[in-house]
Amino acid sequence: QVQVVESGGGLVQPGGSLRLSCTASGIIFNTYAMSWYRQAPGKQREFVATITSGGTTNYADSVKGRFIISRDNAKNTVYLQMNSLKPEDTAVYYCNATFARVYWGQGTQVTVSS
């Protein structure tokens, strides 16, 4: 059974930082591209960042230079380090594992507010 579980969300002030984690089980983790998406209230889910099985990264323009995606294959975990957070980063953040199939986690809430 495949499980994708996000953690690390919370409330942070503008300009602050958070690190999200996503652990996947039941898959051969190092063969999967891992991505983060987010969905703000009343908006469609949007791409945030991805890291391929080979370690190549790509980011949405809105987070480039502020967010860093990384992975630890030994721990079956992908991270999203979020710096210089803005109120517009407030959303539910979802982890996505993609190879032969696509798996989604349940999401973790990030709220950026003073």
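Author: Arg66, at a relative accessible area of 10%, is buried. This is a predicted model, where local features need pLDDT of at least 70 and side-chain atom pairs count only at pLDDT 80 or more, while totals for chains, interfaces and linings use all residues. Residues are numbered from 1 along each chain as its sequence is written, and side-chain values use heavy atoms, leaving out hydrogens and water.

Reader: Ok, and which residue does Arg66 meet in a salt bridge?

Author: Its partner is Asp89, at 2.8 Å from N to O. A salt bridge here is a side-chain nitrogen of Lys or Arg within 4 Å of a carboxyl oxygen of Asp or Glu.

Reader: Where do Asp89 and Arg66 lie?

Author: Asp89 is in the loop between β8 (77–82) and β9 (91–98), and Arg66 is in the loop between β6 (57–59) and β7 (67–72), so the pair ties together parts that are 23 residues apart in sequence. Strands are DSSP runs of E with at least two residues, helices are runs of H or I with at least four, and both are numbered from the N terminus.

Reader: Is Asp89 buried or exposed?

Author: Asp89 counts as buried, at 0% relative accessibility.

Reader: How many salt bridges in total by that rule?

Author: Four. Among them, Glu46 pairs with Arg38 at 2.7 Å, N to O, and Asp61 pairs with Lys64 at 3.1 Å, N to O. Arg38 is buried at 6%, whereas Glu46 is partly exposed at 35%. Asp61 is exposed, at 68%.

Reader: Which residues are linked in a network?

Author: Arg38, Glu46, Arg66 and Asp89 are linked by salt bridges into a network.

Reader: Switching topic, how many helices and strands are there?

Author: Zero helices and eleven strands. The radius of gyration is 13 Å, close to the 13 Å that the globule rule gives for 114 residues, so the chain is as compact as a globular protein of that length. That radius is taken over C-alpha atoms, and the rule is 2.2 Å times the number of residues to the power 0.38.

Reader: And what share of the chain is buried?

Author: 40% of the 114 residues count as buried.

Conventions
Buried means under 20% relative accessible area, exposed over 50%, partly exposed in between (1.4 Å probe, protein chains only).
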